[in-house]
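Please look over the sequence and the structure shown here before reading on.

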Amino acid sequence: MAKEERGIQKKGSFHFRKMFDINPVKQAYNFVHENGYGGKDSPHSSDEHIDETLLDDKIPDSSPPLIDDEPLPKKDTPPTDMELMKERFCKLLLGEDMSGGGKGVSSALALSNTVTNLAASVFGEQWKLEPMSEKRKTRWKKEIDWLLSVTDYIVEFVPSKQQSKDGTTMEIMLTQQRRDLFLNVPALRKLDIMLLDILDNFGEEQEFKYVSRDAEESEKGVQRNDKWWLPTVKVPPDGLSEESRQFLQKQKEAVNQVLKASMAINAQILSDMDIPDSYIESLPKNGRSSLGELIYKNITVEFFDPLQFLSTMDLSSEHTVLDLKNRMEASIVIWKRKMIHKDAKSPWGSAISLEKRELFEERAETILLLIKQQFPGLPQSSLEITKIQFNKVMQPY
C-alpha cells in the first residue's frame, strides 16, 4: 500500500526541471506519457521504439507539430453596433469610471464629455473644405443618435386633464420631455444638418486645391506657423474669380450663423444652471476684493461708460481678457448674494445701499456682455467650468 502511494505521488508530482525545458517537443512528449495518453492500454500506444534523439531535433516534415509556436490569429472583425452601444452606455452609467470604483462623474457631465469627444474625433479630422467622408458621417449620425436618445427620458411632470367614461373631468400629472430639451435638442439637430450641408456644397470642383503633404517646399509656399498641421491651399495665379469669392463668402456667413446660434443656446443653458456651492465658497466676501482696487474704482464712478472702461483695460492677450471675465462674473455673484442676504450680520451682508448694489451689478453685466461680443472665441470661465463639472441638471426627474 505504501509502495502504491509513493508511486502515485511520484507519478502526480510536478517536475519543475521539465517546466523550463526549452525543447517544446520534449515537453509535449513528457506531458503525453505522464498523463497516461501513451500507455499500453491507450489506443495511441505503439510497440515501436521511439528514438529520443528526435526529441532534440526538429520534427520531420511528415508529422504535424504537437505544439504550434505561432500565435493564434487575432480577430479582425470590427465590433458590432450593439457592442459599441453597450460600451457607450456603460461609460455613461458608471460616470466614465470603468473600474466600477464609484469615483465617476455625474451622468450629466459624462454625457457632455462623450458628445464633446465624439465631435472632436469626427470633425477634428475635417481639415479640408470638402464633403465629410461617408464613413465618418455615418458614424457621427449613428452615435449622436444613441447619445441624444438619453434625453428622451429626462422628463418633468406637467398638469393635464383627463375625462373619464362617466363624463367627469379630473386633473392628472403627465410626463413630458423637459422644456429646455424639447426646444434646444431639435434646434441643435437642425444646426448639425446645416453644417453638414455646407460641407456638401464643396462637393463640386473648386478653383482652389490643396497641396499634397509630400510636395516639394517650393510648391507648398508659405505656411502658417500657428496652424501648421492644416494643408496648404493653392489658388490660381490670377486669384479666385468673383463667383468663387461670393460662394466662399456665402458659406462663411452660413457657418457663422450656425456658430452664433450654437453659442447662444450654450450660453442660455449655462446661465440657467445653478451656481455650485464649491464656487461660492471660493469667492471673497466683497466685490472690491474680487475686482481689485483699480477696476472697482472705475466701475463705481458716478458717470460710467462701459466702452471707455474697456479701453482702459489690458485686453492684449486671451489670458488678460479671461481674467477680467472671471473677475466680473465673481463680482456679479457676490453682489447678487449681498442683495439677497440683507442682514448686515451675515458674512454676505452689505453696508452699501441696495440701489447702489443693483447699479454696480448692472454695470458688471454690461461689461461682461461686451466682452462676450468682442471675444466670442474666449475659453470658458471659471464659473462656467465649475457649472459644467458639478452640473446635475441632466439627471432624470
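## Phe309 and the largest core

In this predicted model, Phe309 touches Ile295, Asn298, Ile299, Phe304, Met328 and Ile367, leaving aside residues up to four places away in sequence. Phe309 also belongs to the largest nonpolar core, which has 21 residues and in which Ile299, Phe309, Met328 and Ile367 are the members that touch the most others. Two or more residues of this core come from each of the helices α12 (293-299), α13 (306-311), α14 (318-340) and α15 (354-374).

Helix α5 spans residues 107-123, and its buried residues are Ala108, Leu109, Ala110, Leu111, Thr114, Leu118 and Val122. Among the elements that cover these buried residues of α5 are α4 (81-93), α6 (134-148) and α16 (382-389).

The length of α5 can be checked against expectation: at 1.5 Å a residue, its 17 residues should span 24 Å, and because its end C-alpha atoms are 24 Å apart, the two values agree.

## The chain as a whole

The chain contains 16 helices and four strands, and buried residues account for 27% of its 397 residues. Of the contacts between residues at least 6 apart in sequence, 63% join residues at least 24 apart. The accessible surface of the chain is about 28800 Å², and carbon and sulfur atoms contribute 55% of that area.

Conventions:
Residues numbered from 1 in each chain as written. Predicted model: local features only at pLDDT ≥ 70, side-chain atom pairs only at ≥ 80, totals over all residues. Heavy atoms only, no water. Core = buried A, V, L, I, M, F, W, Y, C linked by side-chain atoms within 4.5 Å. Buried < 20%, exposed > 50% of the residue type's maximum accessible area, 1.4 Å probe, protein only. Contact = heavy atoms within 4.5 Å. Areas by Shrake-Rupley, 256 points an atom, 1.4 Å probe, with all protein chains shown as cover. Expected span 1.5 Å × (residues − 1).
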